[in-house]
Amino acid sequence: MPDTAIPHPAFEDFVPGEITTYGRYEVTKEEIIAFATEFDPQPFHLDEEAGRASWLGGLAASGWHTSAILMRLNCDGFMVGSTSMGSSGLEEVQWLKPVHPGDVLTVRREILETRSSASRPEMGIVRCRFELVNQKGEAVLVQTNPIFFGRRSAEVA
Amino acid sequence: MYEDIVIGQRDELGAHTFTAEAIIAFAAKYDPQPFHISEEAGRNSHFGALVAAGWHTGGMWMRMRVEHARRVAAARAAKGLPVQQGGPSGGFKNMRWPKPVKAGDTVTYFSECTSKRPLASRPGWGIVFSLNTGVNQHGELVMSFDGSGFMPMAGAST
């Protein structure tokens, strides 16, 4: 279960330096193969044998799949129901370790900075660093990106 | 193969049409924000329409990239040239989604090599950097990112 304390967060609720962990996602072989079949049909994402023969050391999820899993955990953890107005993009995504069937992933979120928008006073920008951590405590993915959030004061106004 | 990658060469990878059904199916699994899973919520959102999740648009780039590489490999094999499977990627930088992808939009994907170098840590392999884009049927940029991927050199074991 997410332990984000505030159910419908707005810009004002994000505190620079704050670190929060939330979510649990167990990755199955069937899901790895289904995602890869549609979006990344390279042998090491589709077949155990090809995975073992590759750098990845076994059947492993597409990085795009791992990224999509982080998105889902963020939706469930704090984005859905928040004042989120989306994101203009991502600064960086690093796929650091392979994700194998049976891995269980959790999010560690750090708020890097919050700042007002000069052109859009109804919202602010929250810059986040996300780590997707496996059951061994290893970061398999690190992502840094801004998210736009409406201000609580704007909701009231 | 690493040696065949030409800096500055821009490949058209392929095109894909995003249906409302596929947009909703992807988002229901990976990005269930209202404007990605409901036509009505999309119309009432700041997008003004149901729009594809950014990871859906990005994932389809990867699919087009893999299919393009297969066609190149088949053409090499037909000429009797050696074919090697490419390696994984360590990630990317500067992902942008400047325009939303709406139901019915057709996105054409491109990849341009920007630089490459041999990997010091893994002899026989190189890293290739690329600028990757998606353009809709109106010629508008809907996605761009700076990618990187590992590629075997001639004779390397994969």
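pLDDT is the predictor's confidence in each residue, from 0 to 100. The structure is a predicted model, and the exercises below begin with that confidence.

**Exercise 1.** Determine which elements of chain A have the lowest and the highest mean pLDDT.

*Solution.* Then turn to the elements. The lowest mean, 65, belongs to helix H5 (residues 152-156) of chain A; the highest, 98, belongs to helix H1 (residues 29-39) of chain A.

**Exercise 2.** Describe the order of helices and strands in chain A.

*Solution.* Count the elements: chain A contains 5 helices and 5 strands. Next, follow the sequence, which gives the pattern β-α-α-α-α-β-β-β-β-α. For the overall extent, the C-alpha trace of chain A spans about 60 × 30 × 20 Å along its principal axes. Of the 157 residues in chain A, 37% are buried.

**Exercise 3.** Characterise the side of chain A that touches chain B, and identify which element gives the most to it.

*Solution.* Start from the contacts: 27 residues of chain A meet 24 residues of chain B. Two or more residues each come from H1, helix H4 (63-79) and strand E2 (89-95) of chain A. H4(A) gives the most, with 8 residues. By class, this side of chain A has 15 nonpolar, 7 polar and 5 charged residues.

Note on methods:
Residues numbered from 1 in each chain as written. Chains lettered and ligands numbered in written order. Predicted model: local features only at pLDDT ≥ 70, side-chain atom pairs only at ≥ 80, totals over all residues. Helix = DSSP H or I, 4+ residues; strand = E, 2+ residues; numbered from the N terminus. Contact = placed C-beta atoms within 7 Å. Nonpolar A, V, L, I, M, F, W, Y, C, P; charged D, E, K, R; others polar. Buried ≥ 20, exposed ≤ 12 C-beta atoms within 10 Å, placed from the backbone.
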